[in-house]
Amino acid sequence: MERQTGTERVKRGLAEMLRGGVIMDVVTPEQAKIAEDAGAVAVMALERVPADIRRDGGVARMSDPAMIEGIKAAVTVPVMAKARIGHFAEAQVLEALGVDYVDESEVLTPADESHHIDKWAFTVPFVCGATNLGEALRRISEGAAMIRSKGEAGSGNIVEAVRHLRMILGDIRKITQADSAEVYAWAKELRAPVSLVQELHDTGRLPVPLFCAGGIATPADASLVMQLGAEAVFVGSGIFKSEDPAVRAKAIVEATAHFRDPHIVAKVSRGLGEAMKGQEIAELDVKLAERGW
Amino acid sequence: MKVGVLALQGDVSEHAQTLSDLGADPVEVRTPDALAAIDALILPGGESTTMSMLLESSGLFEPIASRLDDGMPAFGTCAGMILLAKDVLDGRADQRSFGVLDIAVRRNAFGRQVDSFESELDVDGLGTVHAVFIRAPYVERVGDGVEVLARVDDHPVLCREGRVFAAAFHPELSGDLRLHELFLREVS
């Protein structure tokens, strides 16, 4: 019996399994345990959360393999890790380490100013960020098996995540109403393959799961983006930059699972301590969401 | 017939779609209230540790356990298989399962995501089924009352005990309706 690994269905399949869940940024095995205890569906192993990357400046790169292996050993849920945009050698290393998903991420400093990684060349699946539908479709055409709206990582401010989700989902709604000639015009405007735009027109949804990242800090933030149409959430700095990470992590997991029930979101939002300190987007020196093309 | 799909986390919509395609009436189950209306329950794929935590916090664990003890038919895929199993190997110490299927199942037994695969599978009574295995478990011990319907390399991956069915793979992802059809036929 022949086993086929690394197929489109197998790559997208893991993303389907994470739906309705919370993927948490962790920088130590101890944090990974806290995340898993709180019900995280997966963890993102990295050396610094985006808020600290933003504060420290300098070039942000793939994490130390020893640190990723420590986190892999600490938990049973899937472990993701970040490679720089276009840095296929970092992605090869992450695949060799056996991570379950590679995030080709704008949170790290881009390694290539015009090319993203050819993700079809890998067995490990990739998630990529997008600020609009064209960007999402270009990443899918390069082989991304999951899209996350970028938001503004490390800002603690949900406004960019909402904007990006509304851009992506709003355009999908319009495309479902397009006639056959307009489908070609949409492909041109979005700088995306006609075949993918046609598929959107026919199905009304991206061919891969759409998750949300960048700025989620509270249970109500998670409920908001899930109601807008995200299928799961990434929480980066929002958990471990808050006063009581374990309690907040569990509350965000419950709010994501029960995002349509405001009574449950209210119940889990009580007494969580201070959320991470957020920032106005206009006051940020670097806008991470602008990285990638 | 109203068939519930446990909808706390995971690939709920694929199961609901498969049930609709077969003419059944899927009901998403997130609260104990929704449980009262259903005749059978599907436990989807996802992360079993997350679902186990959410079953507790949602107050669903005990009511589902009680319905299962009363003979409610159930079908679990991947994480759902783990939730139905009597014994869970390589699980978390605090991970709970319903224990209505007398098997010992090992989590992530086929390896990590790079080892996830699809393959043709011989299923007793159905013939060849295209199966998708995602960080999948397999069964290491089977109790006397359990029938093994398919294996990969001698490891059971599809089992039933009376009206409780469990698959280590994801029939809901491959567009093959026959396993869900078998389940619905057996429980109706």
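In the predicted model, the charged group of Arg3(A) lies over the face of Phe117(B), at 4.5 Å from the ring centre, where a charge is taken to sit over a ring if NZ of Lys or CZ of Arg is within 6 Å of the ring centre and within 35 degrees of the ring normal. The charged end of Arg96(B) likewise sits over a ring, that of Phe61(B), 3.8 Å from its centre. Because this is a predicted model, local features need pLDDT of at least 70 and side-chain atom pairs count only at pLDDT 80 or more, while totals for chains, interfaces and linings use all residues. Residues are numbered from 1 along each chain as its sequence is written, chains are lettered from A and ligands numbered from 1 in the order in which they are written, and side-chain values use heavy atoms, with hydrogens and water left out.

Phe117(B) also belongs to a cluster in which ring pairs link it with Phe110(B), Phe133(B), Tyr138(B) and Phe169(B); rings of Phe, Tyr and Trp (its six-membered ring) pair if their centres lie within 6.5 Å, and planes under 30 degrees apart count as stacked, over 60 as edge-to-face and the rest as tilted. Over all chains, the count comes to 11 aromatic pairs. The rings of Phe75(B) and Phe165(B) have centres 6.4 Å apart and planes at 70°, so this pair is edge-to-face. Phe75(B) and Phe165(B) are both buried, that is, under 20% relative accessible area, as against exposed at over 50% and partly exposed in between (1.4 Å probe, protein chains only).

Within the cluster, the rings of Phe110(B) and Tyr138(B) have centres 5.1 Å apart and planes at 80°, so they too are edge-to-face. Phe110(B) is buried, with a relative accessible area of 12%, and Tyr138(B) counts as buried at 13% relative accessibility.
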